[in-house]
Amino acid sequence: MGERKTVRQQLRLLPVVPSVLLILLFLAAPVLWSFHASFTNAALTGRNARNPAWIGVENYARLLSDSAFPASVVLTIVFVVASAVVGQNLLGLLIAGLMTRARKPVSAAVGTAVVAAWVLPEIVAAFAAYAYFSKDGTLNQLLGGAGVAGADWLYAYPMVAVVLANIWRGTAFSMLVYRAALADVPQDISEAALMDGAAGWQRLVFITLPLIRSSIATNLMLVTLQTLAVFTLIWVMTAGGPSNASTTLPVLAYQEAFKFGDIGYGTAIATVLIVLGLVFGIAYVRLLKGDKR
Amino acid sequence: MTTAGRRRARGPADAALLLIGACFILPLLWLVFGSLDAEAGYQTRLPASASLTNFSAVLTPELLLRPLWNSLLLSGGTATLTVAAAVLAAYPLSRFQSRFNRPFMYSILCGTCLPVTAIMVPVYGLFVQLRLLDSLPATVLFMAATALPMAIWMTKNFMDAVPVSLEEAAWVDGASGLTALRAVVLPLMRQGLGVVFIFVFIQTWGNFFVPFILLLSPSKQPASVSIFSFFGQHGAIAYGQLAAFSILYSVPVLVLYVLVARGAGGSFALSGAVKG
């Protein structure tokens, strides 16, 4: 009798099967395959494409001796910290904070402008950013109008250009998260502090920020992960150049695997990226779990 | 006093916000002006004579309609499949207690953290092995798999909001779980399902990298990939047409986003996605 009950209970889980199959086949299997392939000399074409050989940790050893890899790790960190952790996160918080004070039509209009850059298809946003930062582009036209000589941003300062473009593209997400969080902060606490003579920055640091702590943590984690995976924006704007000056890990993995056809080496780079993502992911899950208690 | 303080802060807050908003609008001006300018470059300028030449130039079956149709097949197929699979998965997770539930939900959450750009190399390998390269249905399956973790979380959160007591009557009448799901639960969470569908649709519509890697023949490529033929291939870039195409390609997702933001509220949709 008890056995029949557990069988019935397990049958209830049957509807989960399609999702599980899809996820196992298309997400879990590629991750496992990536770990495996990174130890082989698999290639896109030629003999090694059909019969890749096991070469142990050679790809990883090559990563460490290849000067492009450490450089692109540094560029990835710069890109993520500057555009996501600092740029999108702080600007999103600032905009959301200003919105609580500004007039309704103003915050609605500005909110739409910020969200527009985010909702546009990524390739369109990338083209717009390319045109904006080009030598004769809008930015330099504006600077010229103000009497300042602009630079050839995409060649002279490619990282500055892609970081700014990613802030422009992604800030809407942080803004939406913080708007929801600030709307949940009870008014009376903040007003009581105002009565006690707390200055604006004191109320922010000692009252508002602690109250929205969990939103800050969640937002930081999500924008970090999204930015870690950015490819299209960088690829359209600079293609990783000039001479690898803006080659982050996704761009490097793409170049090695698809442009140079070295799948084994490309998956080794991708594996590093997956591990980075999983580390953040596990930290994020623990954070959410801890939050519940 | 507080209201007076608030009012005093309004002026500077308005000014600061408007300045930020202007910075966000500026990069988009080129798209709008360029699309109307028959001689557009990548400079932003008011067109000497506004014309719809660029729009009529791209408005051909080859250039515009087929890529948009492919985008529709890809996004519509992915969103439909994702919602169907997510509803099925969310139902037992939301309604029946099991010791698998929590570990399952948290491993799924981990899956949302996987950088899709990183798995494209192995996925390409997998597609070569299974002879699935250049197949629209296979690309739909893959894109649905990448969208599923987030979709299951959102769907389960929406489903948890529908009280179980409403189904109990149906169970008493002898309806099975899935009948109760179809007849009682789904109608009550229509709006939530709409949010998930549109969320996945917009995401797929805008995705460039996945179809760029997995779909090879031009006749199968969606607009996000075919747009590239205006750009950079032979040095001569048809900027005006690129801008016009970009606008036509963006309109559907802008409309859908407005629908979601109106119907459910942007932050509401987000809380379905973000909260644990």
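Which residues is Ile227(B) in contact with, leaving aside its neighbours within four places in sequence? They are Ile123(A), Val124(A), Phe127(A), Leu242(B), Phe245(B), Ser246(B) and Tyr249(B), where contact means heavy atoms within 4.5 Å. This is a predicted model: local features need pLDDT of at least 70, side-chain atom pairs count only at pLDDT 80 or more, and totals for chains, interfaces and linings use all residues. Residues are numbered from 1 along each chain as its sequence is written, chains are lettered from A in the order written, and side-chain values use heavy atoms, without hydrogens and water.

**Nonpolar cores**
- The largest nonpolar core has 170 residues. Such a core is a set of buried Ala, Val, Leu, Ile, Met, Phe, Trp, Tyr and Cys residues joined through side-chain atoms within 4.5 Å.
- Ile123(A), Phe133(A), Met237(A), Phe142(B), Ile227(B) and Tyr249(B) have the most contacts inside it.
- Helix H6 of chain B (residues 136–160) gives the most to this core, with 14 residues. Helices are DSSP runs (H or I, at least four residues), numbered from the N terminus.

**Asp14(B)**
- Asp14(B) lies in helix H1 of chain B (residues 2–36).
- Asp14(B) is buried, at 6% relative accessible area. Buried means under 20% relative accessible area (1.4 Å probe, protein chains only).
- Not counting residues up to four places away in sequence, Asp14(B) touches Ala102(A), Arg103(A) and Val106(A).

Methods: Buried < 20%, exposed > 50% of the residue type's maximum accessible area, 1.4 Å probe, protein only. Helix = DSSP H or I, 4+ residues; strand = E, 2+ residues; numbered from the N terminus.
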